[in-house]
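Have a look at the structure first, then read on.

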Amino acid sequence: MAEHELNKGYWAIRNSVAFEDDADLHCLLIQGREAFKVLDQVCPCNVFLQNGQMKHTLLLDETAVPFADVYVCRNREDAYLLGYWSSSVELVDWITRHQGALTEYSITDLNESHGFLTLNGPYAWELCANALGTAILGMPYLSVMPLKPGMVFRAGITGEYGYHLMVPAEHKDEWTGILTSAGKSFDLEVTGSADRAQCSLENFFFDLNREGQYGLTPPELQLQWRLSRQKTAYPGSGAMQELREKGWDRRVTCFITKNPVRVNDEVFYENDPVGQVLSAGYSPLRKEYVGKALIRKPFWHAGLNCFQVNCQVLETISTPVIDNRSIHVNFNLDSYFTREENEDGAV
Amino acid sequence: MKIVISGMGAYCALGSSTKELWEGISQGICGIGPITRFDVTPFETKLGGMVPGGDNIESDEKRLLWYALEAAKEALKNANITDNRDVSLVLGTSNGIKRKKIDDISYGLAGELNLGGLVITVSTACTSSSHAIGFAADLLRRGSARMVLAGGADILTRDVFAGFYSLGLLSKTPCSPFSNSLGTTLGEGAAFLVMETEENAIRRGIHPQSVFFGYGISADAFHDTKPDQGGSGVGTAIKNALRDSHLQPGDIDYINAHGTGTAANDSAEWRGIQHALTDHALQLPVSSSKSFFGHAQGAAGALEAVTTLICMQHNVIPPTLNYNRPRSFSPNDPVASGLPRKHPVRYALSTNSGFGGVNSALVFGRKEAAHQPQKGAPRPISIVGYGINTDEEYISRFVPYDDLRSTDRPAKLLAGVVAMILDQAGIPIRSNECENIGLFVGQDHLSAESIDDLDNSIKERGINHLSAAAFTRLVINYPAGVSCRLFGLKGPLAAVAARPGNGMTALCLAADYLAWRDDTEFVIVASVDDQEPGEGKFAGAVGLLLQAGDGQSPVCLRGWSMSRNFDRAAEEALKMSGRSAGELPSSPVAASPARPDLCTVVDTIEGMKNTNQRLFHLQSERELNYMGIDIILERMD
Amino acid sequence: MQTDLKEKIELRESVLHDVAEILISALHLKIQAVDLDPDTPLFGTGLGLDSVDSVVFIVELESRFNITISEAEGRRALRTVNSIIDLVISKKQDNG
């Protein structure tokens, strides 16, 4: 994608609202008396959810490598698995194989009948309130609610307000029209996965298609928080236990550098290789390159500016690497229409 | 039967009577000012809605009693009551006096006034006195009381101020609900209504203008301090109040909102109002009287009810003071005029919400307003579960550690017995069924450990760095709120105390609620005691699950009654069960530090399996200054 | 490894360890220090701390490290464990 096109979508995510017809997002509906028991069998997190609550977790293979990046969600007595994985057919099969002897449940692939329209941005909430009604303002981060045409999941992987609206396929065009039309006064941009991916990189969200391709485990990915420390029986728990006993010696760490880098470029400390680049992209907000590198112990800390990649300085950094505008926006007081202009011209 | 309000009393930042309250409201005078009672130097906020002259009272205990007494005396005087023997008391207080039993204030007040009726304390944080008003109406409807002094009292202490401050909830300027500055201003005071049936009032020769129509209460089941942002709990309380009043959304002409001024409350409350009243909400004036006298904590519900009623009597509605620019997504008409507005009100709604996710809504009207009769016959009640839990860790079998992380022992004990009962009844946790389950808890003290945590944090870090976590646990309804959150219980939530037995009092109030209303199908009744386990002391929770309808289980609650006249308590309970006095021998129920009253009830139910006896009359131990409580259980199989 | 780098690494590890201790003792998280990845988000997701936790956490940080954290600093810094470590280190450097 041309940089100026990337920039428009990027700036919309960072400053106003961006719309995406989200073809990457998948959703399974699990219903029945044992729906949550099924999820409890296969998820490494606890699935004791309040009505409307979502929790971000992973599904692990037997070697504790994640193959699905998911949210478990509760809407009354229905369970949803929302997220990113390669094949729903394979996932349903995997769940069936790993859920033990449970029978009172059914799984429906909602992508067969629904589409996802995603809104990301510091004023996405305001657009949603205008287009869908103010009830959406009552949704905390990581919550799900039935709303107008279908369901809305408040999540997002850009670090800004994010809403995934799940609509019946036959209504997708209609709702695309409604949202993009309401978005005109918000300087809404239609974006694609590249804009979203750059923002998720800056906020250190896990990407199954980037760092998820290297066979890394949750501690190496800095994703231990997605697992319950108290749960001992889930697919991959054996491997996790072994890993905890053995320890691990490398970790995905965020970096910044002034010049372009490529995936698999080696990272050096003085002349010693200490890691490799897993992903990188240009940050228009920081005006430099941001990326993730797999760095070995003990160099794997943030805040160290002593590394080189391609003979250029590489500095490890804490995440998120930007100060998301959404952190400073207050539903009660702020509005897109009374926002302040900033110096960069990024409004 | 009409419930009328024959007298009112108020004692707050605007003055020491309803006359001074009205003068303040009618002139748009803000009673919020600098706090001088305790040192506010460590805080960036220095304001409170302080009772004039309150600083001069020498102790917190005397201060609380004084406020309550003055407001109560005014209400009784306005109601032309000179003999208090027929007057019961339902008093709401959020904090009472630190480290004392929460109902000490009620017995102190009842003693000073020589009240001869029931004495019941409600402690549900900031809805305490609105709950009190609702329960008072229930007592009158059931004939358990003839006249009731209903309301509440709370004082503002340094600890409470510091606790709210630590949570970032206080405004640096006088609170301006629904306006563009965020935060609340704490206050204090007392307010009471004298409530009785219209028939009783006429018999006494008085003709009150104000009528109480109904109430609704609910639980958010969301968070220990923050309201459910979707406003569903507020919405449910309002819907239940309308249902109790036999009214439609379009009948409401004005809302006196809880309107604390905080970001979390005001937005959630407005969403809840819209949820319940739909399009009609958009045309309604919605104001918050906290802008005049601050947030009087447990007394807020009664004080705001008095404000609403006084204004109705003058054909006006009170404004929201200190209003600058509207906050986004707030009421279209917050009555931001600075002065009361002429506005005819047939029916007014008064809403309140509190820590632990508790909500209340009261409906008042004018005498001329149409009235529907209450339900003719009560629904039968089955007891479908029961248990005793003395193991703090029992709850861990049902709930992951992370969800219990910041709770205390009473909360865990209560949650354990609730889990036990739900499991027994085959009701899955957080199921749709749980949304229709209420929880009434008899409890009269806080966790000593949590109080110690707070005090220790103040000693170690200073008052402005006290433990916010400990502070959130210091409301009597905290354990109940935790259980609602853990299990998804969204029905009516209450925490009550009364002597001789908190548990049996909760049982009678819950049974009244379940039998005579139809907005809830199940109520869990429990009591929790958190004494240091030691020789002869009980630390645990006891619970029963009541379900509306016959045939749900072999055990039924056939009759219940509370009265200061012990014979009357027994007679009424027996009459409900279709038996007459003397027909059924009674068994005593002691309530002691060793064994709470509900334990005996549970033991009796358990023992029913091993005896041919079908009817059981349980009677609280007759102590002279307290009420008699009688219940009749029947085995149906 | 150069001394300068060694000291920086030791400082980060020491602060991380202290932060883990606070999370375990004051916020009662049932984890071990090794479970705490430095880029773990604190609120909403990650450790799932709430608004009451944030108050307790700030008080503990201020006391443990002898620093003051303003509301604005808190809002920016209370993102991940690493952002807290950055704040503590920079405040310690300011204090000399």
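## Where chain C meets chain B

Arg405(B) and Asp53(C) form a salt bridge, with their closest N and O atoms 2.8 Å apart. Keep in mind that this is a predicted model.

As for the rest of the contact, 16 residues of chain C touch twelve residues of chain B. Together the two chains bury about 1100 Å², and 54% of that lies on carbon and sulfur atoms. Seven residue pairs make polar contacts across this interface, with both partners at pLDDT 80 or more. On the chain C side, the residues touching chain B split into seven nonpolar, four polar and five charged.

## A strand on the inside

Now over to strand S19 of chain B, residues 539–548. How enclosed is S19(B) by the rest of the structure? Largely, because ten of its ten residues are buried. Ala539(B), Ala541(B), Gly543(B), Leu545(B) and Gln547(B) point one way, while Gly540(B), Val542(B), Leu544(B), Leu546(B) and Ala548(B) point the other way, and all are buried.

| Strand | Sense and bridges to S19(B) |
|---|---|
| S15(B), residues 381–389 | antiparallel, eight bridges |
| S18(B), residues 522–530 | antiparallel, nine bridges |

To place these by eye, find Ile381(B) opposite Ala548(B) in S19(B), then Asp530(B), whose bridge partner in S19(B) is Ala539(B).

Note on methods: Residues numbered from 1 in each chain as written. Chains lettered and ligands numbered in written order. Predicted model: local features only at pLDDT ≥ 70, side-chain atom pairs only at ≥ 80, totals over all residues. Heavy atoms only, no water. Contact = heavy atoms within 4.5 Å. Buried area = accessible area lost by both parts, 1.4 Å probe. Salt bridge = Lys/Arg side-chain N within 4 Å of Asp/Glu carboxyl O. Polar contact = N/O pair within 3.5 Å; in protein donor to acceptor, adjacent residues only side chain to side chain. Nonpolar A, V, L, I, M, F, W, Y, C, P; charged D, E, K, R; others polar. Buried < 20%, exposed > 50% of the residue type's maximum accessible area, 1.4 Å probe, protein only. Helix = DSSP H or I, 4+ residues; strand = E, 2+ residues; numbered from the N terminus. Pairing = 2+ DSSP bridges.
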